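Hello,

Here is the structure I promised to pass on to you. Please open it alongside this message, and my notes follow below.

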Amino acid sequence: MIDYTEKIPNNVDLGRDRVLQRALEHWQPAYMNWWYDMGPSESHALEVYLRTATSVEPDGWAQFGYVRMPEYRWGIFLQPRDATRRVNFGVHQGQPAWQEVPGEYRSTLRRVIVTQGDTEPASVEQQRLLGMCCPSLYDLRNIFQVNVEEGRHLWAMVYLLHRYFGRDGREEAEALLERRSGDADNPRILGAFNEPTPDWLAFYMFTFFTDRDGKFQLCALAESGFDPLARTCRFMLTEEAHHMFVGETGISRILQRTCEVMKEHKVENASDVRALGVIDLPTMQKYLNFHFSVTIDLFGSDASSNAASYYTTGLKGRYEETKIEDDHVLQNAEYPVLEVSGSKVITRHVSALTALNERLRDDYITEIQGGVDRWNKIIEQAGISFRLTLPHKGFHRAIGNFAGHFISPEGEVLTKEAWENNRDRWMPSAADQKFVQSLMTGRVIEPGKFANWIAPPIRGVNRQPLNFEYVRFN
Ligand SMILES: [Fe+2]
Ligand SMILES: [Fe+2]
């Protein structure tokens, strides 16, 4: 018998809740089976220099030390309760925040939690083979850190399902371990989480773009009137910041290395750059186009009655809801959305309530643009004229007003044929992917060494040197 209060660091009084303990005793072995099957490939015996959260206090949530990943202590943490917290938007605005699930919102809330929870194990599944071709021990350690924390995020959502949703919640918790990313019969719920992450360029793009979708969804749920959900999401956000850091700096380091090689050898054209064993800038742009477009689909339809009702009922707020100065009800407000009219993209003002997905997507794009600007500084400082750009919001969309339309990265409305003819100029072709993957055929595991296609980071993890043994193979 496992001592859960010991094995699972927590601040939810796990030791005193018998029902919850029994539920977790049942779920935990299934989770471990999932980890052994779908967690990082050939990683179970490795000792990894990981950060473990043991409390939500500033000194407790980042304890570093060597851990074998199957022995990682996946804990359950909620931000401490603020007894004065209220529902801050919608028709229940001003009421005390709910400590139990309101009966009339039970199934909706459960669906919101399951949809968020499903993304966590999905990304571990998507990334499971990447350890086999890591560019350094530092990067290997970072992907494992991301993986164990996505596992912890699954625990965080499963805790809510077990604690607040009875038998239905327990069934959903089991189903979270049964779906598989990319599976034809039982796939993960959201599209981007069924796309493969076949190489490290895709991994860094994923953690920059798609983990940031996670951040914005968590921020919206952190405003929820259902207080345990809000507090859970707040703590998850502290970990999510590291995942986005891994993505942004990963791309920065690739760009830096490519620019160094381009300058050193005075080459510009893509095939010459590739011949030197680094990733050419047009290929970086294509990966960016792909990951940006599949990720902004995750925010949902531009006009959504679900989004309106989540807001009106107090379940899911806006990004930084409490910092916005308006009535927090939005009955009479409008918001601009784009749509295709004939051969043009036009702007239409619609009810702000139904446009809440679009608003969150716009907040997200603003933050993404900041990251792209930082990447461009690296290219600019190298004296190279190439610039990365975000494609038009309508490019390569499968959900919302642009679904079924063929929009170029510049925002022109094209015919299907014209669009298809350019596809391989805009998104990674099979040949591009083959090239990127040809750089990543084995793993670089000598301490302090980095693959040729990526620059070392500026500093190591937790003030350790770059040649630190971040992963021990024994
Ligand atoms: Fe996560
Ligand atoms: Fe994440």
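Arg274 is partly exposed, with a relative accessible area of 21%, just past the 20% limit under which a residue counts as buried. Its salt-bridge partner is Asp280, with N and O 2.8 Å apart, and Asp280 is buried at a relative accessible area of 2%. Please keep in mind that this is a predicted model.

A second pair to look at is Arg318 and Glu321, whose closest N and O atoms are 2.7 Å apart in a salt bridge. Here Arg318 is buried, with a relative accessible area of 3%, and Glu321 is buried too, at 0%. Elsewhere, salt bridges with shared partners link Asp118, Glu125, Arg179, Arg180 and Arg188 into one network.

The count for the model comes to 35 salt bridges. One of them joins the side chains of Arg51 and Glu149 at 3.0 Å, N to O. Arg51 belongs to strand 1 (residues 47-52) and Glu149 to helix 4 (residues 137-164), so this pair ties together parts that are 98 residues apart in sequence. Arg51 and Glu149 are both buried.

Which residues hold the iron ion (ligand 2)? Its protein donors are Glu150 (OE), Asp211 (OD), Glu240 (OE) and His243 (ND1), at 1.8 to 2.2 Å. Along the sequence, these donor residues follow the spacing E-x60-D-x28-E-x2-H.

Why is the arrangement around the iron ion (ligand 2) classed as irregular? The angles subtended by the four donor atoms run from 90 to 173 degrees, and a tetrahedral label would need all angles to lie between 85 and 135 degrees.

Strand 3 (residues 334-341) pairs with strand 4 (residues 344-351) in the antiparallel sense, over eight bridges. Val340 faces Val345 of strand 4. Two residues lie between the strands of this hairpin, and Gly342 takes a positive phi near 60 degrees.

Happy to talk any of this through.

Best wishes

Technical notes
Residues numbered from 1 in each chain as written. Chains lettered and ligands numbered in written order. Predicted model: local features only at pLDDT ≥ 70, side-chain atom pairs only at ≥ 80, totals over all residues. Heavy atoms only, no water. Pairing = 2+ DSSP bridges. Helix = DSSP H or I, 4+ residues; strand = E, 2+ residues; numbered from the N terminus. Salt bridge = Lys/Arg side-chain N within 4 Å of Asp/Glu carboxyl O. Buried < 20%, exposed > 50% of the residue type's maximum accessible area, 1.4 Å probe, protein only. Donors = N, O, S within 2.8 Å, 3.2 Å for Na, K, Ca; no water. Tetrahedral: all angles 85-135°; square planar, octahedral: opposite > 155°, others 65-115°.
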